[in-house]
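Please look through the structure shown below.

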Amino acid sequence: MTNRLMAALAGATSIAAMAATPAMAQQRQFAIEAGDLKGALDAFARQTGRPVIYRSEDVKGVRSPGFRGTASAETALSAILARSGFAPRFDSSGAVAIVRTPAPQARKSPAAARPVEQVAVPAADDVPAEAEPAIVVTGIRSSLERAADVKRNAVQVVDSIVAEDIGKLPDPTTAAALQRVPGIQVETDRNNELTNVRIRGLTDIGRTLNGREMFTTTSRDFDVKDVPAQALSRIDVFKSQTADLIEGGVAGAIDLKLNQPFNFKKPTFVVTARENYASRLGKAGPQVGGLATTRFDTGIGEIGVLVNGSFSKSDSERSQTNMTDRRSSGVSPLNTPGYLIPQVIQNMPNVGAVTRGEANAAVQWQASPSLQVYAEGLYTYFRTTTGFSGFNPQPFNAGTSITDIVASDNCFQTRVNASGTNPTLVNNADGTQSLQPYTVQTLCDIKSATLKNVVINQNSSSDRLTQTNRMVAGGLKFDRDRARATLDVSYQKSRSFDENVNIEVGQRVDTVYLTTDNDGAAAISLDPSIPTSSANLSLRNAFNQNFTLATGSLFQARFDGERDLGGIFSKIQAGIRFADRKAVYRNVQQTNPTSSIGCNNIETGKASCLVSDLGLSSDFIGTIGYAPGINGGSNFVGASPDYLLSERGRNELRSLFGLALRQPDYDPTHQFDASERTWAGYVQAAYAIDLGGDLALDGVVGVRGVNTDRTIATYRKDSTGAIVPISETRSDFDLLPSATARLQWPGGFQMRLDYSRTMRRPDFGSLNPTQSLTYVGNVFLLNTATAGNPDLKPQKSDSFDATAEYYFHSGSISLDGFYRTIRNRVVSSAVQTTIDGTAFLLTTPRNVGEVTLKGIESSAQYFFDFLPGAFSGIGVQAAFTYIDSRIGGSDPLAGRPLQGVSKYNYTLGALYEKSGISGRLIYTFRSRYYSGDNSGAVSLRPIDSSRIDDVFIPTQLIYVRPAGRLDFSIGVDVNPAFHIDIGGTNITRTRTRQYFGVSYLNAQVYGDETTYSIGVRVRL
């Protein structure tokens, strides 16, 4: 009979997950949510292990009341199909066919169909791609459809990414996958990886793992790169809050979901292997992973066990060409008025390697039909040795001259002080402010020039950052009749150790030819033997030792309960959470001028030291980087990072400078100890109202109360130079109301209206009241300093979302309008200041009053099922976001957009899924945004004629130009157990280009990597 049923349902038929068939009369616990009939049938198949056969198009849009409680499979299935117009047909083998009844009943109205489903807390039946029913549509298409189901059924505005299979999110990294979500933006970091995830332009995001708060050492954020994409089954991006969500994200929240053993109905073993080739660098690196899981019946109940792990390693080199702050050519030593010349022309690639490891395990025990006990563990490891290397001509060193200047047509009026730079503010004795003496000049940028007798600084930074996270968790889930409860307890430890040891060498060169716009970036030409020769290198500037240790811990416990009700209010929820957070930060920044050992910079006219005369090991100098801006592309030498990373090399230099042969002691004025305790509680009610005519209104209303007590302790120097302890204590209480409403029409159309209030506590480092000073040792680069602000207030936001969503056979489309106000928005900016007689560029955070952010998001996906044959596997995907943001109040940035916010973002994709072949071609675009505030720097900038005499510093922002990336992947299921795929990221070889204020000249250009990969996956 099974064969007859299969034949009768041939075509677009869905077959739920297969497993051994239990007796129909066996009593078992069911937890099947109300909602789509398809989802209810799939849940029934998972919970019984029975094959369930049905036509996907027949049940599309049909609703089911679901079923909770202890019953036989037959009774539960009858309840699921109640008034749906469908009935079961049983086969002796255990297969169940879902067929229309001879006289189909009217479809149940959405109002009676279900209360809203909530996806805030991961549940045991959050099934990854492998464990989902093995339906006709799989891979990319199945992933997109399940993500659409999550969005459709969620109580709040949420977008999701669902793994196509075990260990296979749609993109190779978590951040790469997130950039496809409407409203998400990312950036490329020094490791040539996508990072710095933003929701609607904001980085203040709550981050959770399986619903638990996660963090990295002393910050509020958890770096999503620490959990590899292949370890995840799903990612949820919450853009509006509900009371049951953990507070802490002004912009929203991201929840990473790991696989769980009860997601799988049979023993499963998966191995993945991939080789990633970086085409700019010309090197490949491995990426491997594995998952094993099983579940079995015992005398004390069913138990499931899962272990998962992954490892990857890759070399990295991100080219970087910079023209630092431009100053007047009319000052010494150039003495050629009329032009804007960069202080340093930097060829500074970031070079190193990235290693990652991750392991997680989970145990689930169904102790009784109503009680589940679980335990989980996670370990992540991240290490990068990526540091900068430089080959940097410095035009303003003594003895340098400039000739053959070709001026551009780009000129502007500017204020110039005696040093040829932007005048700074002076604090007068009477409490007023004035500017340094200046003249008003009209200066022009140059196209090219020849620098004679110029000093080239060849610096190297050996940076080794090692970061680990450990988490253990456990809890209970209770589900009986109309009541459900969860107790979850976890403990996390996070540690990072950063070792940054660097030293500089350099030489004087007869002639360097500079062009400021060679394919959009600065470039230099010189004798080709010079960049790779160590013959004339001498020690210069300083030997620096910087070490940072940061640790953090978090104990958290929460209890959540809910009960189904009757009437308008379908469910009531309440919960309480306690969190005890600790953070420790230790740092030392030791600068040892080379002049202290008699090795002066060559431009000073004093005695200098050739490297060859110092008696250092032969591996002190080596090839440290490749720069496309040197002679059209050239390697160059300097102090070897490998030498600087070794204790042998470090101790050789420590001995040369007369220092202790060990890491320097931490500076007590560069440390803090923080503790924070949080109590939070919430109550939330779900409602459902039948409006008649197949219309339904449902949603939730709730409020969350949060009390936070925080103390930060550190040290600082008093007026006598003595080191004294200081501490800051603060207590806050916040009420965070939220409400959602969803109106459902027949045929898959629905609308939402959401309101929520969110808050974000300042990072611990931002609250640290002491100053951290960094001496760069180069007279043409300002010393830098950072300081926290103990008076920072938590950011608070009120947000409104209105959506229209349409779900139909083969696709979906949605439109979301949003409006958000943010009070006490935190921004950081730098100003020039003098500390103990030395000039510094001091960066501090501040609250800027109120910020508004509004915009629209739209997304759509569609598969052309109506096309014949293989063409029916073609699909399209698109997303678009428009954001308008403004800073209010009297802040210097008032009237400008928020930092990091692009006005336009869009994604366009071509998809294919048919007969075991899948493919994606995705283009992602982001419009211009500014990444930093350079107003406090020395760079000259235009001044409006009407404000020449005003005492102020003109704003100068660092803008990132519009850019897009094109990625692709193609996969083939060779057989059910073996899959092979190839892919490429940034195949257009897009570069990141930045400019300082004036848009006609790129100040910084980064060579973002293009990566190709080939991978296999074996599943048993």
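The sulfur atoms of cysteine 599 and cysteine 609 are 2.1 Å apart, and the two residues form a disulfide, a term for a pair of cysteine sulfur atoms within 2.5 Å. Cysteine 599 and cysteine 609 are both buried. Buried means under 20% relative accessible area, exposed means over 50%, and partly exposed lies in between, with a 1.4 Å probe and protein chains only.

The model is predicted: local features need pLDDT of at least 70, side-chain atom pairs count only at pLDDT 80 or more, and totals for chains, interfaces and linings use all residues. Residues are numbered from 1 along each chain as its sequence is written, and side-chain values use heavy atoms, with hydrogens and water left out.

The count comes to 2 disulfides. Cysteine 411 and cysteine 444 form a disulfide with sulfur atoms 1.9 Å apart. This pair links distant parts of the chain, 33 residues apart: cysteine 411 is in strand β26 (residues 401-416) and cysteine 444 is in strand β29 (residues 439-480). The torsion about the S-S bond of cysteine 411 and cysteine 444 is about 100 degrees, so this disulfide is right-handed. Cysteine 411 is partly exposed, at 36% relative accessibility, whereas cysteine 444 is buried, at 15%. Counting bonded cysteines along the chain, the disulfides follow the pattern 1-2, 3-4.

The next topic is charge. Side chains of opposite charge can pair when their charged atoms come close. The structure holds 55 salt bridges, each a side-chain nitrogen of Lys or Arg within 4 Å of a carboxyl oxygen of Asp or Glu. One of them joins aspartate 816 and arginine 200, at 2.8 Å from N to O. Aspartate 816 is in strand β43 (residues 811-823) and arginine 200 is in the loop between β11 (194-199) and β12 (205-209), so this pair links distant parts of the chain, 616 residues apart. Aspartate 816 is buried, with a relative accessible area of 5%, and arginine 200 is buried at 3%.

Another salt bridge joins arginine 207 and aspartate 221, at 3.6 Å from N to O. Arginine 207 lies in strand β12 and aspartate 221 in the loop between β13 (212-213) and β14 (232-238), so the pair ties together parts that are 14 residues apart in sequence. Arginine 207 is buried, at 11% relative accessibility, whereas aspartate 221 is partly exposed, at 23%. Arginine 234 and aspartate 236 also meet in a salt bridge, at 2.9 Å from N to O, and both of these residues are buried. Salt bridges that share partners join Lys151, Asp159, Arg200, Lys239, Asp801, Asp816 and Glu857 into one network.

Helix α6 (residues 139-153) comes last. Of its 15 residues, 13 are buried, so α6 is largely enclosed by the rest of the structure. The expected span of a helix is 1.5 Å times one less than its number of residues. For α6 this gives 21 Å, which agrees with its end C-alpha atoms being 21 Å apart.

Terms used. Helices (H or I, at least four residues) and strands (E, at least two) are DSSP runs, numbered from the N terminus.
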